[in-house]
Amino acid sequence: MTVKIHDRADEFRIELIGKFSGEIVNEVASNWKEALADTLPRKCTVDISRLTSYDGAGRKLLREMYQHGTQFAAGNPVALTFLNEISTSERRRPALVQALPQDHAPQDKRSFPVWRAHAAGSK
């Protein structure tokens with residue numbers, strides 16, 4: 001794991017390269033919190049474009065950063081997948097399932113499917 005810190009007057013940027021896990025998570029958390037405590041009005045960005053994976057502690061810190069308002073740079077489809085995981089709530093979201101309205105017979109070819117939200121795992 002490589003972490004690159006870019007500490008500029010207008011931006012504090014953390015670039016994560018490789019697997020984000022282990023002791024490096026605590027080091028990044030410390031650097032991030034120090035940057036937040038700084039009185040300079042600058043944006044804070046985490047670049048996950050070259051991130052390959054993370055463990056539970058890494059995910060927890062990235063989620064905390066996201067919820068705090070830290071900006072993320074995600075320059076490829078894998079990074080966008082990580083960003084989706086980080087930004088999505090832990091609780092189950094409704095899943096859309098196709099169902100016909102009760103007043104339409106299945107042989108009615110003019111009827112259109114109706115999408116209803118159901119909790120994941122329910123019918």
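The model is predicted, and local features were taken at pLDDT of at least 70, side-chain atom pairs at pLDDT 80 or more, and totals for chains, interfaces and linings from all residues. Residues are numbered from 1 along each chain as its sequence is written, and side-chain values use heavy atoms, without hydrogens and water.

The chain contains 3 helices and 6 strands (DSSP runs, H or I of at least four residues for helices and E of at least two for strands, numbered from the N terminus). Their order from the N terminus is β-β-α-β-α-β-α-β-β. Of the 123 residues, 30% are buried (under 20% relative accessible area, 1.4 Å probe, protein chains only). Among contacts (heavy atoms within 4.5 Å) with a separation of 6 or more, 57% join residues 24 or more positions apart.

The axes of helix α1 (residues 23–37) and helix α2 (residues 56–68) come within 10 Å and cross at roughly 15° (lines fitted to C-alpha atoms over the stretch in contact, with angles from 0 to 180 degrees between N-to-C directions). The two helices, α1 and α2, are therefore roughly parallel (angles under 35 degrees). Residues of α1 in the contact include Val 25, Trp 32 and Leu 36, and those of α2 include Leu 61, Met 65 and His 68.

Asp 47 lies in strand β3 (residues 43–54) and is buried, at 11% relative accessibility. The Asp 47 side chain makes a polar contact with that of Ser 49 at 2.8 Å (N or O atoms within 3.5 Å, one able to donate a hydrogen and the other to accept it; residues adjacent in sequence count only if both atoms are side-chain atoms). Beyond four places in sequence, Asp 47 touches Arg 13, Ile 14, Glu 15, Leu 16 and Ala 73.

Definitions and conventions. Buried < 20%, exposed > 50% of the residue type's maximum accessible area, 1.4 Å probe, protein only. Parallel < 35°, antiparallel > 145°, perpendicular 65-115°, else oblique.
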